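Subject: Structure handover

Hi,

Here is the structure I promised to pass on. My notes follow below it.

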2 protein chains.
Amino acid sequence: MNIGIVGLGLIGGSLGLDLRALGHQVLGVSRQERTCQVAIDRGVVDDASVNLTLLAAADVVFICTPIGQIASMVQQLIPHLSPNAILTDVGSVKTPVVEAVTPLWLNFVGGHPMAGREYSGIEAAVSGLFAGNPYVLTPIETTPPEAVKVVEQIVRSLTSNVYFCHPADHDQAVAWISHLPVMVSASLIHACGSETDPVVLELLQQLASSGFRDTSRVGGGNPELGVMMARYNREFLWRSLLNYRQSLDQLIELIDQENWKGLEQRLQETQAQRSQFHLKADD
Amino acid sequence: MNIGIVGLGLIGGSLGLDLRALGHQVLGVSRQERTCQVAIDRGVVDDASVNLTLLAAADVVFICTPIGQIASMVQQLIPHLSPNAILTDVGSVKTPVVEAVTPLWLNFVGGHPMAGREYSGIEAAVSGLFAGNPYVLTPIETTPPEAVKVVEQIVRSLTSNVYFCHPADHDQAVAWISHLPVMVSASLIHACGSETDPVVLELLQQLASSGFRDTSRVGGGNPELGVMMARYNREFLWRSLLNYRQSLDQLIELIDQENWKGLEQRLQETQAQRSQFHLKADD
C-alpha cells in the first residue's frame, strides 16, 4: 500500500519506520527540507518532500501535525489527493478534529495512538513505539465502514491494542488519564519550588528519588503539548480538575482532623482502584 | 563488625544482604519465627532469632521496624545491649524518632535510606538496594561524633549518597518530595474513580498508559505507609498540601480564563524547575 505521512516528528517518524518494515511504500511530507533528508537517511520513509504533491499516489494518509494544524493541513492537502484516499490523524483530542475534518473529507477516521517518549522530533522516532499500546479510532455515524476497516487493519498490523469509541468519550477518558495527570504533576513541581528556606530547597532537590521522579515526570514535559491538551479539551479537563480538587480537599481534611482510620480507608480504596486499570507492570 | 538488624522486611533484609557481602557478621531479629528462617535460608543474616538477647554481641544495631514502633523497640532492646553499642534507624520521618530515642540511648544516629520497591517483606529484599540512592543521617548537637563516624562508614560502604542534615530539615524536604506526591497521586486515582459514566470509566481504565501509570504509582502504594507519613510528618505535610492546592488553583484559573500564554509560561517554569532536581534519568 502507498501510505503518506504528513509531519515527520516522533509519531510520524515512528509510524514510517514500522510501516516500511511491514512492506508498505511510505511517502513523507515535512515543512523542513532538513527533516525530509533525515527521514530518508534514517529509513523512516521511501521518499520525502516539502511538497504535498508527493501524496497524489497515497492510498492512506496519516496527518501527524500538531493538533491545531490538522484541519488547515487537510484543506491544503485535498487538491492533491486521489478521490478514494483515506485520511486519519494522530491528535490527542478527537472531538474538534473530527468536527473540523469530516465536512472537508468524508473518508476520514480520527485516531489516537497512545504512545510517547520523553523526546520529540524525527531523531526520537523508534521502531515498535505502538506495539502493545492502545490505539483509539473514533469513527462517527457518517464515516464509511470501508475506510474504518482499512485504517483498522493498518493499526492492528502495528500490534497496537485497538479501541473504538465516540470522539467525546475518548476526550473525556483522556482528560482523566492523560491531561489531568499533566496538570497534577506540574502543580507538584511548582509547589516544591515554592519552598522559601534555601537549605530545605537544596535538600529536597538532592533527595528527590523515584517517587518524585515518577509523579513529576509528565509535569516536566513539553509545555506546548500541555497547552494543546488544555486548549482543545478544555471542558472535560476543567471538569476533571474540579473533581480532582474535591478528592484532594477530602484528603486534606482527613489529615487535618487526624482521621487516620479514614485516611487508611482512602488509601486502601485508591490502591484497589488503581488495580482496575490495565497498566503494564511498573518498572 | 557485628551488626544487628531488628525488623527483617524489605529494608532490613536488603541491608543484611549487602552487609554480609561486605564481610560483616549480621544478626537479625524478627517477631516471626518464619521470617527468621527465611532470612537464614536466603542468606540475609548469619543468625536470626525472635529473641533480642541475640544482639548482646552487636557493635551497631539498625532498627528497621515501622516508625511507630521504633522508640518502644529501643526501650525493649536496651537491657540487652553492650554499653558502647551504636543504634541507628531507617524511619522515613526523623524528628519524632530522634526526639523519642535520644533520651533513651545517647549513641543513636537517626537515618533514612531513600530507597524502596513496590513490594515489601523479607521476600522482597534485594542486594544493592541502596547503591546510588540518597541515605540521610540526622545527628543532633548531642550525638557523639564517634557514633556518627561509624554509621557513616557503614552507609558509605553501601555506595549510597550520604547527606547530613537536621531532623526538621529532613522532614520538611521529604514532605515535599516523598509524602506530598503520595497524596497528590492518591487523589488522582480517586478522582478518576469518580467518573459516573460507565462507558467512559471502562474506557479510561483501558486507555491509561505510561503517563497515568507513573503519576499514579505512589498513590496506589502501601496504605499503612501512607498513613505513617501523614501521622508522623503531619505539620510539614499539611503545609506542603496547602501550597500545592494553591499551585493547583492558579493552574485551574489559567485554564478557566483560557490564558494559554500564562499556562505555557507555567509549564515552561515547571519543566525548568524539574531539571533542578537530581533525578536519575527517566527511562
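Which exposed residues does the face of H2(A) turned away from its buried side carry? They are A:Glu33, A:Arg34 and A:Asp41.

Some conventions before the rest. This is a predicted model, in which local features need pLDDT of at least 70 and side-chain atom pairs count only at pLDDT 80 or more, while totals for chains, interfaces and linings use all residues. Residues are numbered from 1 along each chain as its sequence is written, and chains are lettered from A and ligands numbered from 1 in the order in which they are written.

Helices (H or I, at least four residues) and strands (E, at least two) are DSSP runs, numbered from the N terminus. A residue is buried if 20 or more other C-beta atoms lie within 10 Å of its own, exposed if 12 or fewer, and partly exposed in between, with C-beta atoms placed from the backbone.

Helix H2 of chain A
H2(A) covers residues 33-41, and A:Thr35, A:Cys36 and A:Ala39 are buried in it. Seen down the helix axis, these buried residues fall within an arc of 105°, so they line one face of H2(A). The arc is that of the directions from the helix axis to the C-beta atoms. Their cover includes helix H1 (10-21), strand S2 (25-29) and strand S3 (47-49) of chain A. After H2(A) comes A:Gly43, with a positive phi near 75°.

Helix H9 of chain A
Among the buried ones are A:Pro223, A:Met228 and A:Tyr232. Both chains supply the cover: it includes H4 (95-101), H6 (167-192) and H10 of chain A, together with H10 and H11 of chain B.

Helix packing
In chain A, H10 (residues 234-256) and H11 (residues 260-274) pack at an angle of about 145°, with axes 8 Å apart. Axes are lines fitted to C-alpha atoms, for helices over the stretch in contact, and angles run from 0 to 180 degrees between N-to-C directions. A:Leu251, A:Leu254 and A:Ile255 of H10(A) make the contact with A:Gly262, A:Leu263 and A:Arg266 of H11(A). Two residues are in contact if their C-beta atoms, placed from the backbone, lie within 7 Å.

A:Arg266, A:Leu267, A:Glu269, A:Thr270, A:Gln273 and A:Arg274 of H11(A) meet B:Ala186, B:Ile189 and B:His190 of H6(B).

The two chains
A rotation of 180° with 0.0 Å of shift along its axis superposes chain B on chain A, with RMSD 0.0 Å. That is the relation of a two-fold axis. In chain B, the C-alpha nearest the axis belongs to B:Thr215, 2.1 Å from it. Copies are superposed by least squares on the C-alpha atoms of residues with pLDDT of at least 70 in both.

At the interface, 84 residues of chain B are in contact with 85 residues of chain A. H6(B) gives the most to the chain B side, with 19 residues. That side divides into 42 nonpolar, 26 polar and 16 charged residues. Here Ala, Val, Leu, Ile, Met, Phe, Trp, Tyr, Cys and Pro count as nonpolar, Asp, Glu, Lys and Arg as charged, and the others, Gly among them, as polar. 100% of the interface residues of chain B are also interface residues in chain A, so the copies meet through the same surface.

Best wishes
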